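The entries below follow the order in which I checked things.

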Amino acid sequence: MKRSGMAFAPLLLLAAGPVLAQEAMHGMDHGKMGHSDTGMMKPTPANPYPRAEMEMHRKMMSAVGTDATETWARKMIEHHRGAIAMSQIVLRETRDAKVRDMATKSSAEQRREIDELQAWLREHGKRTQ
């Protein structure tokens with residue numbers, strides 16, 4: 001059976017996509033994209049959250065357990081901690097009574113979720129975080 005080289009063309013395009021995209025970005029001026037020298041978005045009055053978001057993502061990426069279930073619990077703990085950090089920021093920044101109320105309630109709920117996940121870890125002989 002004779003195979004045509006054209007049958008592999010879609011696979012070649014899929015494999016080349018990331019390389020082509022990276023090459024296209026090579027000459028771009030990234031200095032005006034709102035990023036600092038570390039590559040992190042700079043906080044602004046309209047968006048004071050980048051540091052909290054990056055910290056949450058960094059901690060979520062390193063939260064790993066011995067199996068998928070434990071890893072999920074650990075990542076969710078960091079996710080909830082990130083939500084608390086963002087709520088603390090908005091509580092410092094806003095005077096809107098409704099938003100302050102929602103942020104306060106959200107923080108309390110996130111703490112309950114963290115407590116529940118920590119309890120699950122303890123019940124399964126895992127170290128808490």
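Before the helix pairs, I noted how axes are drawn: they are lines fitted to C-alpha atoms, for helices over the stretch in contact, with angles from 0 to 180 degrees between N-to-C directions. Helices are DSSP runs of H or I of at least four residues, strands are E runs of at least two, and both are numbered from the N terminus.

The model is predicted, so I kept in mind that local features need pLDDT of at least 70 and side-chain atom pairs pLDDT 80 or more, while totals for chains, interfaces and linings use all residues. Residues are numbered from 1 along each chain as its sequence is written, and side-chain values use heavy atoms, with hydrogens and water left out.

**Overall.** I found four helices and zero strands in the chain, in the order α-α-α-α. Of the 129 residues, 22% are buried (under 20% relative accessible area; exposed is over 50%, partly exposed in between, with a 1.4 Å probe and protein chains only). I also looked up contacts (heavy atoms within 4.5 Å): among those between residues at least 6 apart in sequence, 48% join residues at least 24 apart.

**α3 and α4.** I read off that the axes of α3 (residues 68–93) and α4 (residues 97–123) come within 9 Å and cross at roughly 160°. The two helices are therefore roughly antiparallel (over 145 degrees). By class, their contact has 14 nonpolar, nine polar and six charged residues. Here Ala, Val, Leu, Ile, Met, Phe, Trp, Tyr, Cys and Pro count as nonpolar, Asp, Glu, Lys and Arg as charged, and the others, Gly among them, as polar.

**α2 and α3.** I then took α2 (residues 50–62), whose axis comes within 8 Å of that of α3, crossing at roughly 170°. This pair is therefore roughly antiparallel. Among the residues that meet are Met 56, Met 60 and Met 61 in α2 and Ala 85, Met 86 and Ile 89 in α3. The contact divides into seven nonpolar, two polar and four charged residues.

**Glu 70.** I located Glu 70 in α3. Glu 70 counts as buried because its relative accessibility is 5%. I listed Gly 65, Trp 120, Leu 121 and Lys 126 as the residues Glu 70 touches, not counting those up to four places away in sequence.

**Lys 105.** I placed Lys 105 in α4 and noted that Lys 105 is exposed, at 52% relative accessible area. The C-alpha atoms of Lys 105 and Ser 87 are separated by 9.3 Å, with the two residues 18 apart along the chain.

Conventions. Parallel < 35°, antiparallel > 145°, perpendicular 65-115°, else oblique.
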